[in-house]
Amino acid sequence: SGLVITSMTHKYINNYFLILFSLIPISIIVGSTVSLINIILIDFSFLVLMIYLKDFSFLRSDVFKYLIILYLYLILNSFISVDKEIGLYRNFGFIRIIILFLAINFFLRDKIFLKKLIYFWLFTILIVSIDVFFETFSGKNLLGYGELYGRRVVSFFKDEPIVGGYINALYLILIGFLHEITNKKYKNQILFCSIILFVAIFFTGERSNSIKALFGIILFYTFFRNYRLKHKLIIAVTSLIIIMTIILNSNFLKIRYFKQIKSQLTYDQTYFQLYKSGFQIFKDNVFFGVGNKNYRVVACSSDNSLKINESKKLICNTHPHQIYLELLSEHGIIGTFIIIYLFYKIIFK
């Protein structure tokens, strides 16, 4: 049973949650503490609402059951972690993501609510993208940030070059929903919007996110049925021309996407050493790994000024910079299989 807007009270409730959900992308920019407070507020309000409505139908959902199994596994993982305190602190808090997931699914069944939310999120991410363009050409963003990382774009994140990952996490979700909630006659405008967001990611110089965004947009429009094959080929060629023009006219991007990628393909480069480090930890802890968020505990010595654990040549870092090596090193074969299997079931349910 969903929330039906049949009274002034329900209207206020919907508007209240719409504000909280709309603030999610903004709270991420402001900082992790604000983002956490926003999510906790959503979770608490949602649980109060469910008690008020006496609606506990979500407890029978297969997806909810899979999420609970995942949560129980993470709690178990805490007790077999190298540093149990770090593991338990990180894993116990995962419950907030489960409740957030339930709240999103509950409210997004309301098409009007969904439409308003998507437009607000799109407005937010377009403002960030415009700021990326502004910083790319002026050297500083609209608030004057952008000196700490040279030509790397930071946008509103001030002291972290992660804006490409931020846009990449949201843009295809938004584009997909836009095609779903709008008339087909706007498909070309939505395509233009998706290209703008993709180019913004590319301008950040974040190689990993740019590559993922490129594959994402290719797969999206390859399987999208609203365009004929001829139009898809035109889109592909046009996109390729845009990308190459951007790179060839920017010394910074030529270095980021050509020279540095070429240099990092050399075996003795930092990323390969990180991969070897993650694999070494996995080999020493094959079945269950060292525990969630514990790569750094094992790889880093007690002296934080040292960059390498000399005993096994482990690179001191927060993670091995490769998602599957991170899973294997921290969760082992058994834990990695559990996590991937549950994600697979959740996605296709």
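**Conventions**

I take helices as DSSP runs of H or I with at least four residues and strands as runs of E with at least two, numbered from the N terminus. By that assignment I place H179 in helix α8, residues 163-181. I am working from a predicted model, in which local features need pLDDT of at least 70 and side-chain atom pairs count only at pLDDT 80 or more, while totals for chains, interfaces and linings use all residues. Residues are numbered from 1 along each chain as its sequence is written, and side-chain values use heavy atoms, with hydrogens and water left out.

**Confidence**

I looked up pLDDT, the predictor's confidence in each residue on a scale from 0 to 100. The protein averages 85, and 89% of the residues score at least 70. The pLDDT is below 50 over residues 1-5, a stretch with 17 contacts in the model beyond near neighbours in sequence; a contact means heavy atoms within 4.5 Å. Residues 303-308 are also below 50, and this stretch has 8 such contacts. I note that where pLDDT is low, the predicted coordinates should not be read in detail.

**Overall make-up**

I find 15 helices and 2 strands in the protein. Of its 349 residues, 43% count as buried; buried means under 20% relative accessible area, exposed over 50%, and partly exposed in between, with a 1.4 Å probe and protein chains only. The protein exposes about 20,200 Å², of which carbon and sulfur atoms supply 68%; the areas come from the Shrake-Rupley method with a 1.4 Å probe, and for residues only the protein chains shown count as cover. Among contacts between residues at least 6 apart in sequence, 66% join residues at least 24 apart.

**Nonpolar cores**

I next searched for nonpolar cores, defined as sets of buried Ala, Val, Leu, Ile, Met, Phe, Trp, Tyr and Cys residues joined through side-chain atoms within 4.5 Å. The largest has 79 residues, and F21, F46, I167 and Y171 have the most contacts inside it. Helix α9 (residues 187-203) gives the largest share of this core, 11 residues. Apart from it lies another core of 7 residues, among them L274, I281, V290 and I315.

Leaving aside neighbours within four places in sequence, I167 is in contact with I125, V128, S129, V132, L197, A200 and I201. I then followed V128, which is found in helix α7 (residues 111-138) and is buried at 2% relative accessibility. With residues up to four places away not counted, V128 touches I29, S155, F156, V163, Y166 and I167. V128 and G164 are 36 residues apart in sequence, and their C-alpha atoms are 10.0 Å apart.

V153 lies in the loop between α7 and α8 and is likewise buried, with a relative accessible area of 2%. Beyond four places in sequence, V153 is in contact with V132, E135, T136, P161, V163, F203 and T204. Its C-alpha atom is separated by 8.3 Å from that of K140, 13 residues away along the chain.

Rings of Phe, Tyr and Trp (its six-membered ring) pair if their centres lie within 6.5 Å; planes under 30 degrees apart count as stacked, over 60 as edge-to-face and the rest as tilted. The F224 and Y227 rings are tilted, because their planes stand at 50°, with the centres 5.9 Å apart. F224 is buried at 15% relative accessible area, and Y227 at 5%. Elsewhere I record a cluster in which ring pairs link Y16, F17, F21, F46, F58, F64, F106, F107 and F113.

The charged end of K187 sits over the ring of Y227, 5.0 Å from its centre; the criterion is NZ of Lys or CZ of Arg within 6 Å of the ring centre and within 35 degrees of the ring normal. Returning to H179, I find this residue buried at 13% relative accessibility. Not counting residues up to four places away in sequence, H179 touches K187, I190, F220, Y221, F224 and Y227.

**Backbone**

Which residues did I note for a positive phi although they are not glycine? K293 has a phi of about 65°, and H321 also has one of about 65°. K293 is in the loop between α13 (270-284) and α14 (295-299) and is partly exposed at 26%. H321 lies in the loop between β2 (314-315) and α15 (323-348) and is partly exposed at 31%. Most residues other than glycine have a negative phi.
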